[in-house]
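Trainee: Could you show me how to read salt bridges in a protein model, step by step?

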Amino acid sequence: MSDEPTNFLYPFIDAQEQNPESLLADLAASAQAKAAESLALRRATLEANADLVAAAATEMARRFAAGGRLFTFGNGGSCTDSTTVARLFARPPIGTPLPAWSLTADQAILTALGNDVGFELVFARQLIARAKAGDIAIAMSTSGSSPNLLAALAEARQRGLYTIGFAGYDGGAFAANPNVDACFIVRSQSVHRIQESQALLGYQLWLTVHQRGERDLGAA
């Protein structure tokens with residue numbers, strides 16, 4: 001049992017509150033404050049990245065139309081977020097499915113590469129085997145500095161992929177990186193808030209790609 005304090009998250013829990021009604025009120029107020037903080041950050045992030053989303057979506061739509069494919073990857077919570085993004089493109093709620101795969105989806109491949117060549121190369125080696133010029137790579141991270149993501153982005157760039165990074169804080173090593181064509185930064189110090197905003201950015205990116213594709217099909 002850890003003795004690590006929790007008051008940095010929920011100060012009222014460690015305050016020895018004896019009144020259940022007061023504790024419930026504190027819990028409700030905390031939840032409302034976090035929801036308001038998340039909403040404000042998501043709105044600010046979408047606004048700050050609007051032009052970059054539009055530019056990235058235009059390039060992605062162009063590559064999809066030319067036969068390009070999307071590969072996504074990340075670690076931990078960002079692994080599940082990257083899988084969600086790939087699934088959104090491959091199995092969209094509306095519109096045409098687009099070829100997209102998560103490089104974290106196959107446990108056998110991940111564990112084999114991690115064991116045989118090292119965890120730092122689990123994504124780069126998959127790109128070596130599967131990716132080609134004209135494809136797209138999306139790396140999702142809260143820090144923007146994970147070595148295995150940076151290795152994969154470098155490999156993707158060398159192979160002619162369009163590279164996109166999702167990062168938090170100040171962007172980490174993704175920011176101003178020559179191997180990252182488009183870097184979406186969620187400027188927050190909270191991992192929870194970063195991932196919530198990245199999820200919305202991923203959806204907005206898919207939606208804009210969908211709209212670009214429908215527009216081009218209509219023009220044709």
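Predicted model: local features only at pLDDT ≥ 70, side-chain atom pairs only at ≥ 80, totals over all residues.

Trainee: How many salt bridges does a search of the whole structure find?

Mentor: The search finds seven of them. Let us begin with R63 and E59, whose side chains meet in a salt bridge with N to O at 2.7 Å.

Trainee: Where do R63 and E59 lie?

Mentor: Both are in helix α2, which covers residues 50-65, and they are four residues apart, about one turn of the helix. R63 and E59 are both buried, and together with R62 they are linked in a network of salt bridges.

Trainee: Which residue meets R69 in a salt bridge?

Mentor: The partner of R69 is D135, and the N to O distance between their side chains is 2.7 Å. Because R69 sits in the loop between α2 and β1, while D135 sits in the loop between α5 and β3, this pair ties together parts that are 66 residues apart in sequence.

Trainee: Why does D135 count as buried?

Mentor: Buried means under 20% relative accessible area, and D135 counts as buried because its relative accessibility is 0%.

Trainee: What does D181 form with R157?

Mentor: D181 and R157 form a salt bridge in which the closest N and O atoms are 2.9 Å apart. This pair links distant parts of the chain, since D181 is in the loop between β4 and β5 and R157 is in helix α6, 24 residues apart. D181 counts as partly exposed at 31% relative accessibility, and R157 is partly exposed too, with a relative accessible area of 34%.

Definitions and conventions
Residues numbered from 1 in each chain as written. Heavy atoms only, no water. Salt bridge = Lys/Arg side-chain N within 4 Å of Asp/Glu carboxyl O. Helix = DSSP H or I, 4+ residues; strand = E, 2+ residues; numbered from the N terminus. Buried < 20%, exposed > 50% of the residue type's maximum accessible area, 1.4 Å probe, protein only.
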